[in-house]
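Welcome! Please take a moment to look over the model below, and then we will walk through some of its features together.

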Amino acid sequence: MARRYHPDARVVHVDVAKLVAVHGRALLARDPDVLMVHQDARDPERVLKEAFELLDPDKPVGLIATAVVHFWQDSDDPAGILRYYMQEFPAGYLLLSHACGEKMPSKDFAKLRAAYEEAFAPIYPRDHAGVATFLEGVDTLEPGLVEASRWRDDRKVDVGDAHFLVAVAAFGQYATTARSTS
C-alpha cells in the first residue's frame, strides 16, 4: 500500500508467525524494496538488524504498530519497545492502534479476550489512559488518541463491534514541527 502512494518507499514487514513470514517472503520476493522480517517485534534489536539491510537509519521512517501492541503484556514494556524503535531514526511518524475494552460490557469483553486467545494469542486490551502512556514524549497529531471510528469522521468508517483506539504521532525531529494535542 505504501508503495502505491510513494513508489520509492522502502517497506519492512515484521511478523512472528512463521506461516505469515513464509507467505510474505514469497509474495514480496520480486520487489527489492520490500523486506519480510520473521522476528518478534518485541525484540527491536533483532528486527532492526535485519531491517537495516533495507532501511537507512539516518532517514525518517513511518512506524506502523497496528493491532500488535495489545498482544504485549505490561511486563514486555510496550512503551519502551516503541521508544526503542523511534530512537533508532532521526524522525518519523508512529501509527498506533490498540484494542480497548473499557466501553464494552464485561461479558462481551470476556468473549473478545477468549476469542483472541483461542484464534491467535492472549490479548491485553488497555483503557484510554493505558494506551496514552505509549504516546508520552511524542507529538500526537489531530484528532489525538481516539476510537478508530472517530479518526476520520468524514469517512464514516464502520468498525462493527471492535473497540480500537488509534493515533498518529510525530517523533524525533518531526516532533518539533508537529501540532500536538492532548
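## A proline in a loop

Where is the place of Pro143? Pro143 sits in the loop between β5 (139-140) and β6 (146-147). Here and below, helices (H or I, at least four residues) and strands (E, at least two) are DSSP runs, numbered from the N terminus. The bond between Glu142 and Pro143 is a cis peptide bond, with omega at about 10°.

Before going further, please note that this is a predicted model, in which local features need pLDDT of at least 70 and side-chain atom pairs count only at pLDDT 80 or more, while totals for chains, interfaces and linings use all residues. Residues are numbered from 1 along each chain as its sequence is written, and side-chain values use heavy atoms, with hydrogens and water left out.

## Two residues with positive phi

Most residues other than glycine have a negative phi, and most peptide bonds are trans. Ala67, in the loop between β3 (61-65) and α4, has a positive phi near 55°. Asp77 is placed in the loop between β3 and α4, and its phi is positive too, about 60°, although Asp77 is not a glycine.

How open are they to the surroundings? Ala67 is partly exposed, at a relative accessible area of 38%, and Asp77 is partly exposed at 40%. The scale works like this: buried means under 20% relative accessible area, exposed over 50%, and partly exposed in between (1.4 Å probe, protein chains only).

## Two helices side by side

Two packed helices are described by the angle between their axes and the distance between the axes. Helix α3 (residues 44-51) packs with helix α4 (residues 78-87) at an angle of about 25°, and their axes are 10 Å apart. Axes are lines fitted to C-alpha atoms, for helices over the stretch in contact, and angles run from 0 to 180 degrees between N-to-C directions. The helices α3 and α4 are therefore roughly parallel to each other (angles under 35 degrees count as roughly parallel, over 145 as roughly antiparallel, 65 to 115 as roughly perpendicular and the rest as oblique).

Which residues in α3 and α4 meet? From α3 come Pro44, Glu45, Val47 and Leu48, and from α4 come Ile81, Tyr84 and Tyr85. By class, this contact has 6 nonpolar, no polar and 1 charged residues (Ala, Val, Leu, Ile, Met, Phe, Trp, Tyr, Cys and Pro count as nonpolar, Asp, Glu, Lys and Arg as charged, and the others, Gly among them, as polar).

## Aromatic pairs

How many aromatic pairs does the structure hold? There are 4 aromatic pairs; rings of Phe, Tyr and Trp (its six-membered ring) pair if their centres lie within 6.5 Å, with planes under 30 degrees apart counted as stacked, over 60 as edge-to-face and the rest as tilted. One of them joins Tyr93 and Tyr174, whose ring centres are 5.1 Å apart and whose planes meet at 40°, so the pair is tilted. Tyr93 lies in strand β4 (residues 91-99) and Tyr174 in the segment after β7 (164-172), so the pair ties together parts 81 residues apart in sequence.

Ring pairs also link Phe71, Tyr116 and Phe120 into a cluster.

## A buried histidine

His98 has its place in strand β4 and is buried, at 0% relative accessibility. Leaving aside neighbours within four places in sequence, His98 is in contact (heavy atoms within 4.5 Å) with residues including Val69, His70, Tyr124, Phe134 and His163.
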